[in-house]
Amino acid sequence: MTMNRRQFGASMLATMSGVVAAPAVLAQQTYEMKLAYFVGDQHAMSKWLIKWSDELAKQSGGRLTVKRFPGSQMGPVQQHYDYARTGQADVSWFLHGATPGRFPLTELVQLPYLVGSAEIGTKVLNDPELRAKYLDAEHKGVKVLLLLTHQPGNVHTTRKPIRTVDDMKGLRIRFASPTIREFVAALGGTPVGVAPTEQVEQLQKGTIDGVFIDYGGAGIAFKMGGILKYSTEMYSYVSSFGVGMNPDFWNKLPPDLQALVTKSVTGVEKEVGEAWDALDVPGKKAIVDGGAEVIKLSPEEDARFRKIGAQVDEARVKELEGKGLPARAVYDRIKLLADQHSRNSKTFWN
């Protein structure tokens, strides 16, 4: 059967219209991103995640929408990494210390007296060389969007003030990570593992005598004002966290939305770190308003704490090296970067 010019033209127009229309249809496809995090929306990091996800929705023209699950709605903090890994969440904010030993090289940033602020810690962990060579590989099954730390933590107690190293002896202290567990033990205390959400209850029961935690966590996230009686300012360690995306969710996003996500977490280290560091003042105020006494160490005692911290650092590096991990290289890189960033970033050691 032959086709006249009018029929041929109509056929070609229909074909071309189909070709043109297909991308237009695809361009309107929407993607819902399930975002899980383990503290309430009042926390500074939660506020950043809310702002970040709202901006993604706005910048994508509504093609990438976000459903948030704050305050451990999806489940306990210990499972948040796996929520992103398995796809129960598309993105999660997780705590490395919630699954001790799973991220041994990343956890080195938590060693005593290595990092002086959240700004420094967040800049260090997102160093391209450090992530590409060592850290991203530890986060198996997840696409790392951002690594970060909180502001340095102190030791807070309920019944006995800590003014010297000797005052730590016999106290049952909740540790924030395996590295701080070793620090507590080296100081003569008894390290006790307690989930973040159970700290207040255990303090009230007297099961533990104190906690290693940052002011923001103590005063704002977990509302320990009125429970803690003494806060000894050491600013001795940071906890590390990650924001990770499920790889399958990442792979189904079109290239332009992948680029949008990448851009949204590029160059945000200072912003995120400053938000965490800013929690120190209101967190401290909440603890002091609750009746706690703030204790500042003498230079001599500070030096004693730091000497023991350095011994803990060295022991941990040697332990991981003995397991065949490149811990020395990672530790040296972290220390070098931390020292460099301390010249132009906030530090609580000044």
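Residues are numbered from 1 along each chain as its sequence is written, and side-chain values use heavy atoms, with hydrogens and water left out. Because the model is predicted, local features need pLDDT of at least 70 and side-chain atom pairs count only at pLDDT 80 or more, while totals for chains, interfaces and linings use all residues.

To start with the sheet, five strands make up an open one, in the order 2-1-3-10-4 and with mixed pairing. Strands (E, at least two residues) and helices (H or I, at least four) are DSSP runs numbered from the N terminus, and two strands pair if DSSP finds at least two bridges between them. Strand 2 (64–69) and strand 4 (143–149) sit at the edges, each pairing on one side only. From one strand to the next, the twist averages 20 degrees. Strand 3 (residues 91–95) runs antiparallel to strand 10 (residues 240–245), with five bridges between them; V91 has M245 of strand 10 as its bridge partner. Helix 11 (residues 269–277) packs on this sheet and touches strands 3, 4 and 10, its direction making about 40 degrees with that of strand 4. Contact here means heavy atoms within 4.5 Å, and angles run from 0 to 180 degrees between the N-to-C directions of axes fitted to C-alpha atoms, for helices over the stretch in contact.

As for charged pairs, the count comes to 29 salt bridges, each a side-chain nitrogen of Lys or Arg within 4 Å of a carboxyl oxygen of Asp or Glu. One of them joins D90 and K34 at 3.5 Å, N to O. D90 lies in the loop between helix 3 (80–86) and strand 3, and K34 in strand 1 (residues 31–36), so this pair ties together parts 56 residues apart in sequence. D90 is buried at 6% relative accessibility, whereas K34, at 24%, is partly exposed.

Helix 13 (residues 299–322) holds both R304 and E301, three residues apart, and their closest N and O atoms are 3.1 Å apart in a salt bridge. E301 is buried at 12%, while R304 is partly exposed at 34%. A salt-bridge network also links E107, R316, E319 and K323.

Conventions
Buried means under 20% relative accessible area, exposed over 50%, partly exposed in between (1.4 Å probe, protein chains only).
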